[in-house]
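Please open the model in a viewer and keep the sequence panel at hand.

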Amino acid sequence: MSRERSPRRPRRRDRNALIAAALTALSLTASGCVVVHGEREVLPAATRAEAAKAVAAFTDAYNKADKAYDSSVDAPYVTGALADIDAARLKAGHVNSPSGNPAHTPLTLTDVKITIVKKAGWPRWFVADARGNKGGGARWVLVFTRGDLGERWRVAYLTLMAPGTVPEFKKDADGWAEAVPADSPRLAVRPDGLSKAYAAYLKNGGAAFADGRDTSGLRAARKKEAEKPGLVRQFIDEPLTHGAYAPLALRTADGGALVFFTTHHYEKRTAATGATVPIPNKDVRALIKGEVKQSLTMESIANEAVLDPAGSGPVRMLGRVQGLTSAQGG
C-alpha cells in the first residue's frame with residue numbers, strides 16, 4: 001500500500017492536468033500541422049495514481065526476473081545504471097543456477113512515498129522511496145523516468161538510504177516537487193558536474209565530498225587493498241552522463257538538491273609472477289571472458305544519490321549502489 005507525500009488536491013485535478021497535456025500534444029494548428037508533445041508546458045510528470053501503478057508494475061517485474069534469473073522479464077521496466085547492474089546480476093545468477101534463483105525472496109515495498117516533479121520538457125520523472133524487506137531496513141529510493149507520453153515508466157536509479165536520511169523536498173501549493181536544472185550554478189557542485197567531480201575525488205581526494213563510507217572510506221579501503229603483497233590493484237574511475245545516465249536533481253526544502261548521478265569504474269588485479277589472481281566470488285567468475293592467467297579486469301557501474309547544498313559546503317553521499325557489469329581475464 002502506498003502513502004504519497006503531502007497530497008493536497010483530489011485525483012481529478014491530476015487527471016485533468018494530464019488530459020490537458022495530451023490535448024496540447026495532439027492539437028492542430030490552423031495550417032493543419034501537429035504540435036508535438038507540448039514540451040513547453042510545465043506539468044506534473046504523472047498523476048499520483050499512475051505513479052503508484054508504475055511502482056507496483058516495476059516491483060512485480062523485478063520479482064519475476066529475480067525468481068527466474070531472467071533479465072528479459074524486467075528489461076522493459078529499467079534503464080540507465082539500474083538496467084546495466086540488474087542485467088549483469090541476473091546473467092551471473094543464470095549461469096550459476098540455470099533453473100532459477102533457489103534463494104528468491106520477493107521484494108515487498110511498504111510505506112511508499114511518492115514525490116512527483118512538475119516541469120517542462122522531457123524526460124519527466126518522479127521519485128518513490130519505500131521501506132523494503134531487503135537491504136537491512138534501508139529505504140529503497142527509485143527514480144522513474146520516461147521520454148514521452150507513449151513510453152513505459154522505467155527505473156533509472158535505485159539507491160538504498162539509511163532510515164531518516166531521505167531529505168524533505170520543496171513543494172508548491174499543490175504538492176508538486178521542483179526539478180533543479182542540470183547546469184544550476186546555485187549549488188556546491190552543478191548537477192551535471194557531480195559525476196566528473198566524484199570520479200576525480202576517488203583518484204585525488206579533496207574537500208568536495210564529506211567524509212563517509214562511500215567517499216573517504218572507499219579511498220581508504222582501496223589504499224589498504226593496494227598495499228597487500230603479491231597483488232597489484234589499479235582503479236580507473238570515469239564520469240558517465242549521457243542519455244539515460246544523465247543526472248536528475250530535485251530541490252530540497254533547505255534550498256539544496258538531492259541529485260542522482262552515474263559513474264563508471266574499472267578495477268584491474270595483476271598477480272606477481274608465479275601467483276594466481278584471486279576471483280572475488282562465483283558471480284564474478286560467471287561474467288569473466290577469456291582466461292585469467294595473470295590479471296583480471298572488472299568493469300562496473302555505480303549510481304549515487306547525494307545531498308548537494310546550496311552555495312558552498314561539501315556534498316554528502318546519501319546512497320550508492322555499485323554493480324559489476326563485465327570482467328575480462330588476461
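How many helices and strands does the secondary structure of the chain come to? The model, which is predicted, has seven helices and twelve strands.

**The whole chain**

Begin with the entire chain displayed as a surface. Of the 330 residues, 45% count as buried. Among contacts with a separation of 6 or more, 67% are between residues 24 or more positions apart.

**Helix 5 and its aromatic partners**

Next, select the aromatic side chains; the structure holds nine aromatic pairs. One of them joins Y198 and F209 in an edge-to-face arrangement, with 5.4 Å from centre to centre and 65 degrees between the planes. Y198 belongs to helix 5 (residues 194-204), whereas F209 is in the loop between helix 5 and helix 6 (216-226), so this pair ties together parts that are eleven residues apart in sequence. Is Y198 buried or exposed? Its relative accessible area is 0%, so Y198 is buried. F209 also counts as buried, at 3% relative accessibility.

Because Y198 lies in helix 5 and F261 in strand 9 (residues 257-271), the pair ties together parts that are 63 residues apart in sequence. F261 is buried, with a relative accessible area of 1%.

R219 lies over the face of the Y201 ring, at 6.0 Å from the ring centre.

**The surroundings of T145**

Now move to strand 4, residues 139-146, and select T145 within it. Which residues is T145 in contact with, leaving aside its neighbours within four places in sequence? They are T79, R124, W125, R152, W153, R154, A156 and L248. T145 has a relative accessible area of 13%; since buried means under 20%, T145 counts as buried.

Select R152 together with Y77: the charged end of R152 sits over the Y77 ring, 4.5 Å from its centre. Then select W153 along with F58, Y62, F126, W140 and F144; these residues form one aromatic cluster.

Methods: Residues are numbered from 1 along each chain as its sequence is written. This is a predicted model: local features need pLDDT of at least 70, side-chain atom pairs count only at pLDDT 80 or more; totals for chains, interfaces and linings use all residues. Side-chain values use heavy atoms; hydrogens and water are left out. Helices (H or I, at least four residues) and strands (E, at least two) are DSSP runs, numbered from the N terminus. Buried means under 20% relative accessible area, exposed over 50%, partly exposed in between (1.4 Å probe, protein chains only). Contact means heavy atoms within 4.5 Å. Rings of Phe, Tyr and Trp (its six-membered ring) pair if their centres lie within 6.5 Å; planes under 30 degrees apart count as stacked, over 60 as edge-to-face and the rest as tilted. A charge sits over a ring if NZ of Lys or CZ of Arg is within 6 Å of the ring centre and within 35 degrees of the ring normal.
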